[in-house]
Amino acid sequence: LLLFVAVAVSAQFTDLPGWTFSSSENFDKNAALGQIGTVYGTDIRGYSGFKDTSKNGQYTPDKVLSVHDGMLDAYIHTENGVHMVACPLPEGYINRLYGRFSVRFKSDILPRYKIAFMLWPTSDTWVEGELDFPEGGLNTG
């Protein structure tokens, strides 16, 4: 099963009225499975070594994440009955009070899997505000 996430593909970014452009990730360097942290820095690997919130998946970025052809590829699969998943953080943990965000992604149909792009409070306290955009199942075309 394959999930492709293209954050930005060869786009030119500039400030917009009222907004200051701060960062992008074009995924312009290839990285094989297990190499994304070496190529893009360890922060992009995100969560690692523990179960996801459903308790059905194990965060294993080195078995899931790779980059090719300008895309971050998440190889969502199961090994020995354990669902291998990832939570990549292209910018690591950055403190942002507000912002404007744009993500482009494409997915195969993956029954029982979901995706969420989210902002999480730096306090790591859920009640202080988790914003998910979008969040939903990957079970339809």
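1. Q35 sits in the loop between strand 1 (3-6) and helix 1 (36-40); helices (H or I, at least four residues) and strands (E, at least two) are DSSP runs, numbered from the N terminus. With a relative accessible area of 37%, Q35 is partly exposed, where buried means under 20% relative accessible area, exposed over 50% and partly exposed in between (1.4 Å probe, protein chains only). The C-alpha atom of Q35 is separated by 16 Å from that of M84, 49 residues apart along the chain.

2. On the basis of the note: this is a predicted model, in which local features need pLDDT of at least 70 and side-chain atom pairs count only at pLDDT 80 or more, while totals for chains, interfaces and linings use all residues. Residues are numbered from 1 along each chain as its sequence is written, and side-chain values use heavy atoms, with hydrogens and water left out.

3. The protein chain contains two helices and nine strands. Their order from the N terminus is β-α-β-α-β-β-β-β-β-β-β.

4. The C-alpha trace spans about 50 × 40 × 35 Å along its principal axes.

5. Of the contacts in the protein chain with a separation of 6 or more, 56% are between residues 24 or more positions apart; contact means heavy atoms within 4.5 Å. Buried residues make up 29% of the 141 residues.

6. The protein chain exposes about 9,400 Å², and carbon and sulfur atoms supply 53% of this area, computed by the Shrake-Rupley method with a 1.4 Å probe.

7. Five aromatic pairs are found in a search of the whole structure. Rings of Phe, Tyr and Trp (its six-membered ring) pair if their centres lie within 6.5 Å; planes under 30 degrees apart count as stacked, over 60 as edge-to-face and the rest as tilted. The rings of F105 and F117 have centres 5.3 Å apart and planes at 45 degrees, so this pair is tilted. Because F105 belongs to strand 7 (residues 104-107) and F117 to strand 8 (residues 110-119), the pair ties together parts that are twelve residues apart in sequence. F105 is partly exposed at 34% relative accessibility, whereas F117 is buried, at 17%.

8. Ring pairs also link Y47, F50 and Y59 into a cluster.
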